[in-house]
Amino acid sequence: MTLHELLAHRRVRGLSVGQCVDGSPLPTGVYAHAHQYPKDSNRGWVCIRSPRDILRRGSREISTTVMHEFAHLLAAAGHDDDWRRTMRELGQPIPAAYRKRNRPSKLSTQRVSKRRR
Ligand SMILES: [Zn+2]
Ligand SMILES: [Zn+2]
C-alpha cells in the first residue's frame, strides 16, 4: 500500500508526523499510534514520530509500523482479536508481542539435538 492509497482510504483522515495531531509530543518509547476510537475527536489520524518510518526502506510502500496503525483504524480496536484479524487481512505478520499467547520465544535458546540412530 502506498502513502497515497493510505491517505485516500475512507477510514484515514491524516498522518501527523513528528508529534500527535493534538499537538502533544509522542510519549517516550512510542514511535507511532492511531486514533481509532469513535469517541476520539481526532479519529482517523495516525501519528508517527519520524518521517523515516513512514515508508519501507527503498520502497514506495508504507512501513509495517504504519500498516500496524492502519489496522487499528480499520478494526477500531486495540491489540485484540479484531485487530489481529485485520492485520491478517492486510497480509501483515503479527509481531510476537501482540500474539494472543504472549510467550517468550524459545528460538534463541532452543538447541535442536541430532537424533542418534
Ligand atoms: Zn496522536
Ligand atoms: Zn498497536
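Where does Gly 18 lie?

## The loop between E1 and E2

In this predicted model, Gly 18 is found in the loop between E1 and E2. Gly 18 is exposed, because its C-beta position has 11 other C-beta atoms within 10 Å, and a residue counts as exposed if that number is 12 or fewer. Although Gly 18 and Pro 51 are 33 residues apart along the chain, their C-alpha atoms are separated by 7.3 Å.

## The chain as a whole

The protein chain contains three helices and three strands, and, read from the N terminus on, its elements follow the order α-β-β-β-α-α. Of its 117 residues, 20% count as buried. Among the contacts in the protein chain with a separation of 6 or more, 46% are between residues 24 or more positions apart.

His 4 counts as exposed, because it has 10 C-beta neighbours inside 10 Å. The C-alpha atoms of His 4 and Glu 61 are separated by 9.5 Å, while the two residues stand 57 residues apart along the chain.

Arg 11 has its place in the loop between H1 and E1, and with 13 other C-beta atoms within 10 Å it is partly exposed. When residues up to four places away in sequence are not counted, Arg 11 touches Gly 44, Leu 73 and Leu 74. The C-alpha atoms of Arg 11 and Ala 76 are separated by 9.8 Å, and these residues are 65 residues apart along the chain.

Leu 15, in turn, belongs to strand E1, which consists of residues 14–17. Leu 15 is buried, because 20 other C-beta atoms lie within 10 Å, and a residue counts as buried at 20 or more. Leaving out residues up to four places away in sequence, Leu 15 touches Leu 7, Val 46 and Ile 48.

## Helix H2 and its surroundings

Helix H2 covers residues 64–75. H2 has twelve residues and reaches 16 Å from its first C-alpha to its last, which is close to the 16 Å expected at 1.5 Å a residue.

The buried residues of H2 are Val 66, His 68, Glu 69, Phe 70, Ala 71, His 72, Leu 73 and Ala 75.

## How H2 and H3 pack

Two packed helices are described by the angle between their axes and by the distance between those axes. Helix H2 and helix H3, the latter made of residues 81–89, pack at an angle of about 120 degrees, and their axes are 9 Å apart. The crossing in which H2 passes H3 is right-handed.

Which residues of H2 meet residues of H3? On the H2 side they are Ala 71, His 72, Leu 74 and Ala 75, and on the H3 side they are Asp 82, Trp 83, Thr 86 and Met 87. Sorted by class, this contact of H2 with H3 has five nonpolar, two polar and one charged residues.

## The residue after H2

H2 is followed by Ala 76, which lies in the loop between H2 and H3. Most residues other than glycine have a negative phi. Ala 76, however, has a positive phi of about 50 degrees although it is not a glycine. Is Ala 76 buried or partly exposed? Ala 76 counts as partly exposed, because it has 16 C-beta neighbours inside 10 Å, a number in between the 12 or fewer of an exposed residue and the 20 or more of a buried one.

Terms used. Residues numbered from 1 in each chain as written. Chains lettered and ligands numbered in written order. Predicted model: local features only at pLDDT ≥ 70, side-chain atom pairs only at ≥ 80, totals over all residues. Axes fitted to C-alpha atoms, helices over the stretch in contact; angles between N-to-C directions. Helix = DSSP H or I, 4+ residues; strand = E, 2+ residues; numbered from the N terminus. Left-handed = near helix turned anticlockwise from the far one by under 90°. Contact = placed C-beta atoms within 7 Å. Nonpolar A, V, L, I, M, F, W, Y, C, P; charged D, E, K, R; others polar. Expected span 1.5 Å × (residues − 1).
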